[in-house]
Amino acid sequence: MSEVKYSKEHEWIKLDGEEATIGITKHATEMLGDIVFAELPEKGSNVDKDGTAGVVESTKAASDVYTPVSGEVTDTNQMIVDDPSKINEDPEESAWFFKLKIKDKSEMDSLMSKEEYEKFAKETSA
Amino acid sequence: MSIKKTSLNNLHIKYGAKLVEFAGYQMPIQYKDGIIQEHKYTRSHSGIFDVSHMGQLFISGSDDLTSDLEKIFPADLKKLKTNQSKYSFLMNNKGGIQDDLIITKTSDGFLIILNAACKYNDYKVIKSKLDNQYKLNLDESLSLIALQGPEAKNVLNKVIPGCDSLKFMNGNNYVYNNEKVYITRSGYTGEDGFEISIKHSDAETFVENLIENGSKLIGLGARDTLRMEAGLCLYGNDLDNDTSPIEANLKWAIPKSRIETEFVGSEVLKNQFQSGVKKLRVGIKPDSKVIARGNTKIYNDKNQEIGKVTSGTFGPSVEHPIAMGYVDNSYSTVNTKIFLEVRGKKIPANICNLPFYKKNYVKGEINV
């Protein structure tokens, strides 16, 4: 059973065993507008919870992508680098950003459930 | 100060605009289609832009008005025929640009289109430099709507017949809904197009008529990517009080006949014409997909800072990042290798010709 959680920085994280897949939420893409550039972390690098792990840029501005948990980056999604518009099309499935081997599963506890995130997103964008 | 709304505010909301504050006005940054689709629709068909926040300053008075305005603006106003327009500047004594503007000669004087963020100050400055005998009217009873794109002439001609005979940078009076409208053939997207000055009460139905004929509302976001691809400056980003028209690479807008004459800032400009300038506005094309935004520092290959980016984005029609900025004049030659500091990394780029996107009147041609 995989577990999906959400961060206040509008990332989603899906945990399967020790492997976490991370991307940005549909709500985030709607706020950003058309995404035209994506930069991902280096494979094999270590990222720390709440640290910068990438960048997305829309026609309007650049935004950092943060990692909601710590770990070692095991894979990155070249598809979204080659065609950043895929992030707008399918942000919560095929347009994931990177995978990592999670360091401390308890870091998942502070993240939001889907219901909590939806409420948070609605309140912060109002 | 409360935020102002244009006469098209309800229409913006009806068509799903994301509204932002711009120069004291609530303006649409984009509609439902998003910036890229809106940009491309303008290039392939036509787009409607609410530019009612811009100033429409009417000046009238005696026959001396033309020569008195030439003491302010470096344009050849004496040669201007009625209904003809010129791009010009309001400068300070140091030759810095206080605003860039379009002056049109009207039947009883001049109409000057001013940037929204500058218009009240421009009015004060111009009024202070003119004799009291002249009448200045920063007319806030009029909306201003731009229609841009290859289909603009066909769409507008269906709503206001006859306007397709206007020549570029020329205007005339037309009638819409039994009221006078003033139309010029001009714009700021690199496309053929028109700007229509119309009573507030007619603006909404006029825009609905344009939409019925196939055009779409376009937000400020796409207006920005369109003007950048066309190599056009945005006041406040690419032009400011410390930058002269020569430095901004807008020398073409200062006619030779005016160089030896007097106007505000003429001494500095004359000097710059003779001795050259230290910095120059250039086009910049990054080698990679990285976007360099305004304020990005520019370096040479010896890691010395040589300038600053003033505008940068992803160009939807050229499908590549584009930028413009100011570099030390010795690095301004096309194809000079430069480096842009983005998020701590030095990104290789080249100085390139402007515009990035050049319209071919048969079909669009891309110049990257």
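Domain bounds, as used here, come from an automatic or database domain assignment. In this predicted model, chain B is divided on that basis into domain 1 (4-52 + 140-229), domain 2 (56-123) and domain 3 (278-366). The centres of domain 1 of chain B and domain 2 of chain B, taken over C-alpha atoms, are separated by 23 Å.

**Contact between domains 1 and 2 of chain B**

- Domain 1 of chain B places eleven residues in contact with eight residues of domain 2 of chain B.
- On the side of domain 1 of chain B that touches domain 2 of chain B, the elements giving two or more residues are β10 (142-148) and β11 (171-176) of chain B.
- Sorted by class, that side of domain 1 of chain B comprises five nonpolar and six polar residues, with no charged residues.

**Helix α4 of chain B**

- Within helix α4 (residues 119-129) of chain B, the residues Lys119(B), Asp122(B) and Ile126(B) are buried, and because they cover an arc of only 55 degrees around the axis, they lie on the same side of α4(B).
- Lys124(B) and Ser128(B), in contrast, are exposed on the other side of α4(B).
- The strands against which the buried residues of α4(B) pack are β5 (55-60), β6 (85-91), β7 (97-106), β8 (109-114) and β9 (135-138) of chain B.

**Nonpolar core**

- The largest nonpolar core has 117 residues, of which Ile112(B), Ile145(B), Leu147(B) and Leu340(B) touch the most other members.
- When neighbours within four places in sequence are left aside, the residues in contact with Ile145(B) include Ile48(B), Asp50(B) and Val51(B), and also Ile196(B), Ile198(B), Ala203(B), Phe206(B) and Val207(B).

**Six-stranded sheet of chain B**

- Six strands of chain B form an open sheet with mixed pairing, in the order β11-β12-β13-β10-β4-β14.
- Its edge strands, each of which pairs on one side only, are β11 and β14 (216-217) of chain B.
- Strand β4 (residues 47-50) of chain B pairs with β14(B) in the parallel sense over two bridges, and Ile48(B) has Leu217(B) as its bridge partner in β14(B).

**Contact between chains A and B**

- The contact is made by 13 residues from chain B and nine residues from chain A.
- On the side of chain B that touches chain A, two or more residues are given by each of α2 (35-44), α7 (220-229) and β17 (305-315) of chain B.
- The residues on that side of chain B divide by class into five nonpolar, five polar and three charged.

Conventions
Residues are numbered from 1 along each chain as its sequence is written. Chains are lettered from A and ligands numbered from 1 in the order in which they are written. This is a predicted model: local features need pLDDT of at least 70, side-chain atom pairs count only at pLDDT 80 or more; totals for chains, interfaces and linings use all residues. Two residues are in contact if their C-beta atoms, placed from the backbone, lie within 7 Å. Helices (H or I, at least four residues) and strands (E, at least two) are DSSP runs, numbered from the N terminus. Ala, Val, Leu, Ile, Met, Phe, Trp, Tyr, Cys and Pro count as nonpolar, Asp, Glu, Lys and Arg as charged, and the others, Gly among them, as polar. A residue is buried if 20 or more other C-beta atoms lie within 10 Å of its own, exposed if 12 or fewer, and partly exposed in between; C-beta atoms are placed from the backbone. The arc is that of the directions from the helix axis to the C-beta atoms. A nonpolar core is a set of buried Ala, Val, Leu, Ile, Met, Phe, Trp, Tyr and Cys residues joined through C-beta atoms within 7 Å. Two strands pair if DSSP finds at least two bridges between them.
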